[in-house]
Each structure stands twice: as C-alpha cells, then as structure tokens.
Amino acid sequence: MTSLIPRDTVKFNKRVTNIQQNNGRVFITFQDGEVVETDTAIGCDGVKGFTRGAVLGSRYPDLVNPQYSHRYLYRAIAPMEDAKRILGDRATDAAMFMGPGMNWSIYPISKGTEVNLVAFKQDPRGAWPYKEYTHQVDLQTMLSDFEGIDSRLLKLLELYAKPIQWSLHHHITTPTYYNAHVALLGDSAHATGPHQAAGAGQCLEDALVMSRLLGLVKRAADLPTAFRIFDFLRRPRAQKIVQTSYDAGEIYTFAYPETGSDMAKVTANCNKRFQWIWEHDLEADVRVAEKMFRMETGDV
Ligand SMILES: Cc1cc2nc3c(=O)[nH]c(=O)nc-3n(C[C@H](O)[C@H](O)[C@H](O)COP(=O)(O)OP(=O)(O)OC[C@H]3O[C@@H](n4cnc5c(N)ncnc54)[C@H](O)[C@@H]3O)c2cc1C
C-alpha cells in the first residue's frame, strides 16, 4: 500500500480511542496520547469499528454495535490430496453443500494445492452469548453441530478444523454513513454476512466513490456535501447487500420460506441473485456523484 502513496503521509501502529467534532474541526485521540486536529475522519475500522459510535452514537445509540446474524462457522484448510481422497472429484470444485440449519462452502485455494472449507451453523439463540466473537468448543461439540451430514464432509472437519466457533455479526441497519465531518466506509458502515462473498467488494466500491468525491473537495466546508452524496449513492446498494446476504444464508440452510428445501427453487434463486451485484455500473455511480457535487457546491 505504501508504494501507492507518499510514505510520510501514513502512520502505522496507532489506535484510535476517541473522535470528537466541533464547528467543522475533528479531534482524533490515539492510544499513545497524541491528539490530531483535522478537517475530517473517515473510519474504515471494521465491523466493531470505533468510528461507528462517533457517527451514530448520539442519534441512533441502539444501532452502533453489530447485530448477531444467528450463525456461526468453523473453518478448515485441508491439503488437496487428502480432500480428493475423501471427497473425490468434488474436492476440486467450488461447491456449496446445503441442509436444514447448516451449509458448507468448499473451494480450492493456494493454486489448487489446498481446499478451504467453511461450515456454517444456524443458531436459534437470540444473541451471541460471549464477549469475544470467537468461542472455543471441544471436538465432539463441533461434530454434533452437523449431525446427519454426509460422513465425508464430517471427516474433513474432524481432521482439519479447529473447534472454534466464529460468530457472524452484521450491520443490517445503518441509517446514515456520516455525521457532519466524520464518515464511515467499508465494514464499519455495512459489515455483512459472507453468504454472497460480496463484503470486501462493497468496501472497494465505497473507496472508489469516496476517493473520486474527495478529489473534488476544495474547501473543508464542502466535506459534509461530499459525504451526503456518498451516503445517497452507496448506502442503498451496500445495505441491500447486507440484507440479501442474510437471505442467502437463510436459503442455503433451507430456512427461507420462498425456497424451503426445494432444490429446484433454491437453484433458480441462486442462478439469478448475483447479477445485480456483479454487473453494476460503477463508473455511472462515479459520474452521478461528481455531477451532484459540482451542482451542489457550484464548482463547475
Ligand atoms: C468468514 C468471512 C468470509 C468472507 N468472505 C468474503 C468473500 O469471499 N468476498 C468478499 O468480498 N468479502 C468477504 N468477507 C467480507 C470481508 O472480509 C470484509 O468485508 C472486509 O475485510 C472489510 O474490510 P474493512 O477494511 O472495512 O474492515 P477490516 O478488514 O475489518 O479492517 C479494519 C481495520 O481497522 C483496524 N482498526 C479497528 N479499530 C481500530 C482503532 N480503534 N484504531 C485503529 N485501527 C483500528 C483493524 O485493526 C483493521 O486493520 C468475508 C467475511 C467473513 C467474516
């Protein structure tokens, strides 16, 4: 990353502990005691990011913390040779295995020398009961989460997964991505479940639109205008990704009423649910953003 921007404009190993704004000035406090006064702060600090509180805390305190999406997962990486021995030709495919209350995603990684396996478990509990987002269990608990599943998949889990439950949290509702001179970008705005593999893509789309808008800002007083346009363009699409990813998780675990466990309906749904994500015209978004900014600020 540092090869793309002047090295002395980046600082590493800093942790934000407070963000406040007053009359168009933003004050960022770091754990090492340094306080920086600046025109703006854009928080790309992830699902549990601190900036979310600075943007939403005073107006929507209940929406600052991520919500439990009622799913956790176990992860494993297996050598391809072993996976082939256990799964046969399936090991070299990208595949989703589905069943009531559970689904498994497998795909080759490391230039085909290994298989990545993610085993999802639907969780009826209303809230994640632990402070940390991961929770260690014993091998038997992990295996019993997938009782009844094909024994070949269970074998892979038994041999290669650590019995750690990774809870999935998301920001299913975010009523705004900015507050005056402070904005949210990436997972801090719209952390999503992984069921459409679209979370990081949304972060990049944010970055594209935000960077092009910031390139037009000549006065600090115009930053809220840039953020309002960013919010207007990006929030509907990114929040739709969060909702439809949740729905996809429901579909894969046969919990979605429209598709149930009817594989013909599940397949038909999956065959058409990604196009709007993949085929979106981002350059058109950028053109609209730039046009709106120029019109609203008079900077033609
Ligand atoms: C199981 C799983 C599978 C996924 N699979 C896919 C996929 O296939 N495709 C896809 O597109 N997306 C996927 N995603 C989503 C993707 O990983 C995220 O959307 C993306 O990584 C978010 O990037 P980010 O930069 O917004 O946040 P993060 O990657 O979380 O980065 C946030 C950064 O902020 C730093 N930070 C936090 N707090 C502070 C602070 N107070 N001060 C300073 N720094 C701070 C953190 O240390 C971290 O470096 C998946 C997610 C999960 C959980």
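A crossing of two helices is right-handed if the near helix is turned clockwise from the far one by less than a right angle. The exercises below use a predicted model.

**Exercise 1. Describe how α7 and α10 pack: at what angle, at what axis distance, and with which hand.**

Solution. 
Step 1. Two packed helices are described by the angle between their axes and the distance between those axes.
Step 2. For α7 and α10 the angle is about 145°. Their axes lie 10 Å apart.
Step 3. The hand of this crossing is right-handed.
Step 4. On the α7 side, T225, A226, I229 and L233 make the contact. On the α10 side, the residues are D285, V288, A289, M292, F293, E296 and T297.
Step 5. Sorted by class, the contact has 7 nonpolar, 2 polar and 2 charged residues.

**Exercise 2. Find which elements build the largest nonpolar core, and which residues have the most contacts inside it.**

Solution. 
Step 1. The core holds 31 residues. V182, A183, L213 and F230 have the most contacts inside it.
Step 2. Elements giving two or more residues are β2 (25-30), β4 (41-43), α1 (51-56), β12 (182-184), α6 (199-214), α7 (223-252) and α10 (282-297).
Step 3. The top contributor is α7, with 10 residues.
Step 4. Now take F230. Beyond four places in sequence, F230 contacts Y177, A183, V209, M210 and L213.
Step 5. A separate core of 20 residues lies apart from the largest one; Y74, A91, L117 and L157 are among its members.

**Exercise 3. Classify V47 as buried, partly exposed or exposed, and list what V47 touches.**

Solution. 
Step 1. Locate V47: the loop between β4 and α1.
Step 2. Count C-beta neighbours inside 10 Å: V47 has 19.
Step 3. Apply the cut-offs: buried needs 20 or more, exposed needs 12 or fewer. V47 is therefore partly exposed, because its count is 19.
Step 4. Skip residues up to four places away in sequence. V47 then touches P66, H169, D187 and A191.
Step 5. V47 and A284 are 237 residues apart along the chain, and 28 Å separates their C-alpha atoms.

**Exercise 4. Describe the two domains and the side of domain 1 that touches domain 2.**

Solution. 
Step 1. The domain assignment gives domain 1 as 14-65 + 172-297 and domain 2 as 67-170.
Step 2. Their centres, taken over C-alpha atoms, are 28 Å apart.
Step 3. The contact uses 14 residues from domain 1 and 15 residues from domain 2.
Step 4. On the domain 1 side, α7 gives the most, with 4 residues.
Step 5. That side has 9 nonpolar, 5 polar and no charged residues.

How values were computed. Residues numbered from 1 in each chain as written. Predicted model: local features only at pLDDT ≥ 70, side-chain atom pairs only at ≥ 80, totals over all residues. Core = buried A, V, L, I, M, F, W, Y, C linked by C-beta atoms within 7 Å. Contact = placed C-beta atoms within 7 Å. Axes fitted to C-alpha atoms, helices over the stretch in contact; angles between N-to-C directions. Nonpolar A, V, L, I, M, F, W, Y, C, P; charged D, E, K, R; others polar. Domains from an automatic or database assignment.
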